[in-house]
Amino acid sequence: MAQTWGNFLFSLLDYKTEKFVIAKNKKVGVLFRLFQLGVIGYLIGWVFLWKKGYQETEEVIQSSVITKLKGVDFTNSSQSGLQLWGAEDYVIPPQGDRVFFIVTNYVVTPNQKLGYCPEVRDRLLFYFVIPNTNYATKNMRHLLERTGRCINDTGTCEIHAWCPVEHGQTPSEPMLAKAENFTIYVKNFIKFPKFAFSKSNVLPTTNSTYLKMCRYDKDHHPYCPIFLVGDVINWTGYSFQDLATKGGSIGVGIEWNCDLDKDESQCNPEYSFTRLDSVKNSQNSAISGYNFRFARYYNDVAGQTYRNLFKVYGIRFDILVNGKAGRFSIIPTVISIGSGLALMGAGVFVCDMILLYMMSKSSFYRETKFETVRVSLQTLIPAAPQTFM
Amino acid sequence: MAQTWGNFLFSLLDYKTEKFVIAKNKKVGVLFRLFQLGVIGYLIGWVFLWKKGYQETEEVIQSSVITKLKGVDFTNSSQSGLQLWGAEDYVIPPQGDRVFFIVTNYVVTPNQKLGYCPEVRDRLLFYFVIPNTNYATKNMRHLLERTGRCINDTGTCEIHAWCPVEHGQTPSEPMLAKAENFTIYVKNFIKFPKFAFSKSNVLPTTNSTYLKMCRYDKDHHPYCPIFLVGDVINWTGYSFQDLATKGGSIGVGIEWNCDLDKDESQCNPEYSFTRLDSVKNSQNSAISGYNFRFARYYNDVAGQTYRNLFKVYGIRFDILVNGKAGRFSIIPTVISIGSGLALMGAGVFVCDMILLYMMSKSSFYRETKFETVRVSLQTLIPAAPQTFM
Amino acid sequence: MAQTWGNFLFSLLDYKTEKFVIAKNKKVGVLFRLFQLGVIGYLIGWVFLWKKGYQETEEVIQSSVITKLKGVDFTNSSQSGLQLWGAEDYVIPPQGDRVFFIVTNYVVTPNQKLGYCPEVRDRLLFYFVIPNTNYATKNMRHLLERTGRCINDTGTCEIHAWCPVEHGQTPSEPMLAKAENFTIYVKNFIKFPKFAFSKSNVLPTTNSTYLKMCRYDKDHHPYCPIFLVGDVINWTGYSFQDLATKGGSIGVGIEWNCDLDKDESQCNPEYSFTRLDSVKNSQNSAISGYNFRFARYYNDVAGQTYRNLFKVYGIRFDILVNGKAGRFSIIPTVISIGSGLALMGAGVFVCDMILLYMMSKSSFYRETKFETVRVSLQTLIPAAPQTFM
């Protein structure tokens with residue numbers, strides 16, 4: 001018995017190979033070889049060389065963005081006089097976030113005090129006492145009468161609000177015309193957590209002299225992290241004038257496409273610029289433009305609060321970072337090769353079908369390919385134990 | 001010799017097919033066919049129809065969010081008198097970010113000046129001179145004595161702080177009760193960089209009239225991008241009253257689930273609403289609520305600085321965008337099919353084991369399946385070159 | 001005819017098994033068994049146990065971060081006198097965002113008014129009238145003469161600016177030295193949308209007493225969400241003094257690595273700390289440091305605007321959340337197993353090549369493995385229909 005088991009284990013080390021039938025059929029043979037070539041070509045050409053199917057990829061990127069703007073502009077309006085706008089004023093918020101806004105146009109309503117004043121009829125009253133009155137115009141008069149007085153002969157009502165009321169006429173030209181020349185310095189630190197790889201868009205080869213002089217340009221300075229506002233807008237296909245008057249939103253894409261099998265220095269950012277509140281479709285004009293209001297509060301000598309209300313139009317920049325990194329890994333390699341090989345099985349199946357059922361001599365092939373087990377007396381004589389696979 | 005090579009290459013085009021043994025065993029046969037059906041059903045039903053395994057997917061979404069709030073409310077308190085709250089006041093920050101905060105309740109401590117004043121005993125002193133005193137209460141008196149004077153009979157100490165000190169009694173009712181009726185307009189621009197596909201949640205079919213009238217509603221206006229604050233809170237399962245008094249944090253999810261093999265118009269956002277600082281677990285009450293302080297600084301006539309300190313409670317909205325896009329690609333298709341086919345090999349293995357070792361006639365099957373190569377004189381006669389595979 | 005089809009369908013249920021040739025060649029046999037063991041070891045050890053290849057993974061995490069700082073510091077400067085800094089002052093923005101900035105050092109230029117004043121020669125004039133003068137120094141004089149007067153004997157020019165001009169001498173010691181002891185409370189809510197799994201870094205087992213006392217520490221309090229600023233800086237490998245004087249940027253990573261096949265309580269955050277504006281490479285010193293300017297505006301009794309300009313240096317914290325969740329899923333399991341099995345086919349191919357072409361008895365093996373179909377008269381006698389596969 002022990003010997004039988006020994007024989008069995010020993011026979012496990014015999015190599016078993018599939019028995020093949022050679023069908024001297026060149027048509028099917030050529031077809032199958034072509035199919036094999038196709039699979040091999042797909043695997044090597046498409047999967048490995050083009051799609052880098054031997055790499056484990058990471059598409060999640062950890063990113064930290066710091067921005068800094070430079071440039072100054074003067075505005076001169078009858079209401080607020082000569083004004084100097086530095087980065088501390090026109091960048092909102094000022095601390096250099098990933099998303100920031102540059103004031104290019106504004107309406108200021110100075111010295112507003114809480115009180116009663118006549119409403120302005122030529123614009124929606126969303127700004128005043130009644131919440132959402134712009135959506136409830138037919139009930140508006142009724143609501144107003146609860147808070148103010150209506151002078152029936154002129155049709156205007158008195159409302160309780162910050163007076164005087166904002167007149168709402170946006171200048172037709174951007175007040176900060178020089179905003180075009182402001183510069184944006186973008187620092188982006190990225191990390192691919194899976195590969196513990198991190199890099200900055202300010203490349204190690206960049207020195208501070210270059211950083212003071214350079215301006216990003218796709219062709220000549222592709223790795224300069226300093227952008228001219230006017231250029232960025234032009235690259236989106238719009239003009240500064242378009243965006244600056246009524247405001248707009250621009251996405252600055254930073255794409256990191258890194259092959260970590262190559263040297264680190266090959267992993268560099270690529271910039272792209274798109275307008276986000278695009279108006280290509282005229283029906284969508286409702287979503288273009290960008291403005292908001294903020295107020296600066298003061299107290300007068302008597303301690304009463306008054307404020308300057310700013311309605312600012314401008315360009316919102318959204319630095320959008322995305323990236324992909326790939327590095328050789330055994331599992332995707334095995335999956336790519338394995339599934340390609342398995343696909344050859346499908347080719348065998350098709351070629352077999354053609355050979356066995358669509359050729360003139362199919363019945364001969366069938367007979368040779370398939371062998372029926374017939375239990376005869378002879379085979380009942382015990383044989384040496386056989387193993388499989 | 002040249003002819004031999006020619007023969008060899010020519011024989012490469014012969015089709016070679018595996019030789020099969022037909023075991024007339026219906027049990028194993030049925031088992032194998034069932035297994036085959038299972039694999040085919042899994043491939044077609046689960047992998048292809050349900051999971052869309054023929055698609056390359058992208059789960060990384062580039063997203064830019066702009067928000068705009070509308071609505072006004074009055075507050076009337078003994079301390080600060082009648083106050084008008086417009087979006088420029090109750091939205092923090094005012095510029096329309098992805099994450100924003102709506103003031104719904106507040107405590108104002110007006111006219112604070114730097115000086116010495118008695119501490120307030122009924123609350124933690126984290127606000128005053130000694131950093132982290134709230135975590136070091138037993139050493140507090142000692143530290144206070146270094147900076148102020150303690151009046152031993154009352155037990156209060158004088159501290160150097162902004163005086164008068166904030167009393168810290170939060171109103172038990174939200175001061176801005178009408179915040180429920182404020183509207184939030186959410187503009188979301190997304191892009192799937194891998195597929196160069198971009199879209200906005202303000203659909204191309206949306207016109208500006210609809211945008212002025214509509215309110216989001218899952219059933220009737222699923223693509224209206226304007227939300228009523230009160231509705232959003234109700235959809236999270238909490239009441240406005242709950243959140244507005246002590247503050248809270250709400251996540252507004254926008255999900256883009258796009259099948260790019262279909263038409264672009266099928267790729268639409270889906271909204272969901274959850275409370276993030278959830279208090280379902282009573283032990284976790286420490287993490288619910290939301291408030292912070294900010295100050296408005298003034299100078300008096302003498303040039304001395306004083307400030308109004310606001311402790312604001314309110315609702316923080318976090319617009320969370322996620323998405324997935326899929327498009328037909330050859331590689332995942334091959335991997336899905338290939339791995340399914342390869343799995344059939346496992347079925348062959350199991351069925352072979354059953355046939356060869358667990359059937360009554362196993363030894364016959366074994367003998368027919370396996371053929372031993374025996375080197376005989378006859379086979380030493382040179383044969384035509386044979387190829388394999 | 002009906003019977004023929006019946007026979008055919010019936011024969012479909014016959015089990016067909018490949019015919020194997022046993023080559024009693026221990027060398028190739030051992031090689032093949034070793035290869036099989038290798039593939040099985042790879043599948044079980046690497047793919048399943050180590051890489052959890054049976055899991056569907058989600059690497060996209062939805063995250064919402066709320067931060068809250070505590071701590072107070074005094075500063076005493078000749079210009080602005082004694083100042084008290086609370087969280088409402090030193091945290092910018094104050095509302096508790098994912099990205100926030102702590103003021104640690106500052107230069108204040110109080111009581112600036114718009115007017116004419118002499119320029120400051122010892123620093124770049126990027127701050128004044130001419131946009132981008134720092135990049136156009138050779139044209140500067142020319143531009144200045146358009147807006148001010150130049151006093152030729154001293155070489156200074158008069159410029160139109162906020163006067164007095166910022167002197168630009170940063171204190172060499174951080175003004176807010178106690179910022180080291182400020183605490184940061186980080187609340188992070190995450191969600192894996194694919195698995196509808198959500199969790200907070202404030203664990204359900206954390207009670208509010210613990211939250212008041214604990215400080216994060218990798219070894220003793222790994223799940224305490226409260227961080228000491230000084231500790232965080234030390235863990236990045238830099239000293240508080242380094243960062244606080246000229247500013248810096250710190251990334252606080254929160255990593256969620258969740259195996260959702262295990263209990264929810266096993267899915268916990270891991271914190272990591274890195275300096276983002278790293279200065280390891282001396283050439284890159286241009287990107288280190290962090291500062292920005294903001295202004296507080298006042299009106300004097302006459303209604304004229306003046307401002308206090310703050311240039312603040314400090315530490316920017318960026319809470320970077322990433323994560324990965326995995327849960328058992330049938331598709332990746334099938335792909336992992338299937339591709340591994342398919343790879344065995346490659347082993348068969350290699351072993352066959354060795355056996356058939358590199359062994360001394362290769363020709364015998366070839367002859368037994370391959371059987372040529374020869375069409376003889378005998379096989380023309382119609383046989384029972386055969387099926388395949």
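User: How many residues does the contact take from chain C and from chain B?

Analyst: In this predicted model, the contact takes 85 residues from chain C and 88 from chain B. About 8000 Å² is buried between the two chains, with 60% of it on carbon and sulfur atoms.

User: Why is the pairing of Arg316(B) with Asp97(C) called a salt bridge?

Analyst: The closest N and O atoms of Arg316(B) and Asp97(C) are 3.8 Å apart. The cut-off is 4 Å between a side-chain nitrogen of Lys or Arg and a carboxyl oxygen of Asp or Glu, so the pair qualifies. The count between chain C and chain B is six salt bridges. Helix H8 (residues 330–357) of chain C gives the largest share of the side of chain C that touches chain B, twelve residues. That side divides into 43 nonpolar, 19 polar and 23 charged residues.

User: What makes strand S2 of chain B and strand S1 of chain C a pair?

Analyst: Strand S2 (residues 20–23) of chain B and strand S1 (residues 15–18) of chain C are joined over four bridges in the antiparallel sense. At least two bridges are required, so the strands pair. Thr17(C), in S1(C), is the bridge partner of Val21(B).

User: Why is Gln112(A) called buried?

Analyst: Gln112(A), in strand S8 (residues 99–118) of chain A, has 0% relative accessibility. Buried means under 20%, so Gln112(A) counts as buried.

User: How do you know that the side chain of Gln112(A) is in polar contact with Pro164(A)?

Analyst: A polar atom of the Gln112(A) side chain lies 3.0 Å from the backbone oxygen of Pro164(A), and the cut-off is 3.5 Å. Residues touched by Gln112(A) include Trp162(A), Pro164(A) and Tyr306(A).

How values were computed: Residues numbered from 1 in each chain as written. Chains lettered and ligands numbered in written order. Predicted model: local features only at pLDDT ≥ 70, side-chain atom pairs only at ≥ 80, totals over all residues. Heavy atoms only, no water. Contact = heavy atoms within 4.5 Å. Buried area = accessible area lost by both parts, 1.4 Å probe. Nonpolar A, V, L, I, M, F, W, Y, C, P; charged D, E, K, R; others polar. Buried < 20%, exposed > 50% of the residue type's maximum accessible area, 1.4 Å probe, protein only. Polar contact = N/O pair within 3.5 Å; in protein donor to acceptor, adjacent residues only side chain to side chain. Lists of a residue's contacts leave out its neighbours within four places in sequence.
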